[in-house]
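Please read these notes with the sequence and the coordinates open. They go from the basis of the values to the fold, and from there to single residues.

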Amino acid sequence: DDLLVKKEDAAVKQAILNLLLTEKGERLYNAEYGSDLRGHLFEPLDFGTAGIIQDSILRTIRNYEPRVSVETCLVEPNFDANGFDVRLDFLVLSRTDVPPISIEFFLNRSQ
């Protein structure tokens with residue numbers, strides 16, 4: 001009774017965050033699983049790097065999370081906080097009766 005079980009939409013949100021924050025090579029026996037977001041965080045803090053991060057997020061989700069369809073992925077540099085603000089809106093393909101789900105998170109070098 002010590003573990004909390006995530007269900008439905010919350011489980012998909014958690015799976016996407018885990019996928020994006022898992023570095024490639026970090027998972028044993030599946031070296032390609034995950035994203036390369038951490039490597040991009042040491043690039044210049046600009047809109048070009050934001051575009052590269054956005055492409056990496058979309059490619060990773062397309063390759064490893066077949067349960068969702070991404071509607072919107074926005075990555076913007078946050079110069080004051082020295083990182084990137086990310087907003088991801090997606091549909092869970094098995095649940096057509098619900099509106100898009102949003103995840104917002106902040107990427108910086110300390111993650």
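1. Basis. This is a predicted model, in which local features need pLDDT of at least 70 and side-chain atom pairs count only at pLDDT 80 or more, while totals for chains, interfaces and linings use all residues. Residues are numbered from 1 along each chain as its sequence is written, and side-chain values use heavy atoms, with hydrogens and water left out.

2. Composition. The protein has three helices and three strands; these are DSSP runs numbered from the N terminus, helices being H or I of at least four residues and strands E of at least two. Read from the N terminus, the order of elements is α-α-α-β-β-β.

3. Overall dimensions. The C-alpha trace spans about 40 × 35 × 30 Å along its principal axes. For 111 residues a compact globule would have a radius of gyration near 13 Å, and the 15 Å of the protein agrees with that. The radius is taken over C-alpha atoms, and the globule rule is 2.2 Å times the number of residues to the power 0.38.

4. Surface and burial. The accessible surface comes to about 7100 Å², and carbon and sulfur atoms account for 50% of it. Areas come from the Shrake-Rupley method with a 1.4 Å probe, and for residues only the protein chains shown count as cover. Buried residues are 33% of the 111, where buried means under 20% relative accessible area, exposed over 50%, and partly exposed in between (1.4 Å probe, protein chains only). A contact means heavy atoms within 4.5 Å; of the contacts between residues at least 6 apart in sequence, 45% join residues at least 24 apart.

5. The three strands make an open sheet in the order 1-2-3 with antiparallel pairing. Strand 1 and strand 3 (101-107) are the edge strands, each pairing on one side only. From one strand to the next the twist averages 15°. Two strands are taken as paired if DSSP finds at least two bridges between them.

6. How many bridges join strand 1 to strand 2? There are 10 between strand 1 (residues 68-78) and strand 2 (residues 83-92), which run antiparallel. Thr 72 has Asp 89 of strand 2 as its bridge partner, and Glu 76 stands opposite Asp 85. Four residues lie between the two strands of this hairpin, and Asn 82 in the turn has a positive phi of about 60°.

7. Helices on the sheet. Helix 1 (residues 9-21) lies across strand 1, strand 2 and strand 3, at about 30° to strand 3. Helix 3 (residues 47-64) also lies across strand 1, strand 2 and strand 3, and runs at about 160° to strand 1. The axes are lines fitted to C-alpha atoms, for helices over the stretch in contact, and the angles run from 0 to 180 degrees between N-to-C directions.

8. Aromatic pairs. A search of the whole structure gives two aromatic pairs. Rings of Phe, Tyr and Trp (its six-membered ring) pair if their centres lie within 6.5 Å; planes under 30 degrees apart count as stacked, over 60 as edge-to-face and the rest as tilted. Tyr 33 and Tyr 64 have ring centres 5.2 Å apart and planes at 70°, so this pair is edge-to-face. The pair links distant parts of the chain, 31 residues apart: Tyr 33 is in the loop between helix 1 and helix 2, Tyr 64 in helix 3. Tyr 33 is buried at 14% relative accessible area, whereas Tyr 64 is partly exposed at 26%.

9. The other pair. Phe 47 and Phe 79 are edge-to-face, 6.3 Å centre to centre with 70° between the planes. Phe 47 lies in helix 3 and Phe 79 in the loop between strand 1 and strand 2, so parts 32 residues apart in sequence are tied together. Phe 47 is exposed, with a relative accessible area of 59%.

10. Ser 35. Is this residue buried or exposed? Ser 35 has 1% relative accessibility and therefore counts as buried. Ser 35 sits in the loop between helix 1 and helix 2 (37-40). Leaving aside residues up to four places away in sequence, Ser 35 touches Leu 19, Leu 20, Thr 22, Glu 23, Lys 24, Ser 56 and Thr 60.

11. Ile 101. This residue lies in strand 3 and is buried, with 9% relative accessible area. Its contacts, not counting residues up to four places away in sequence, are Asp 9, Lys 13, Leu 88, Asp 89, Phe 90 and Val 92. The C-alpha atoms of Ile 101 and Lys 13 are separated by 8.3 Å, at 88 residues apart along the chain.
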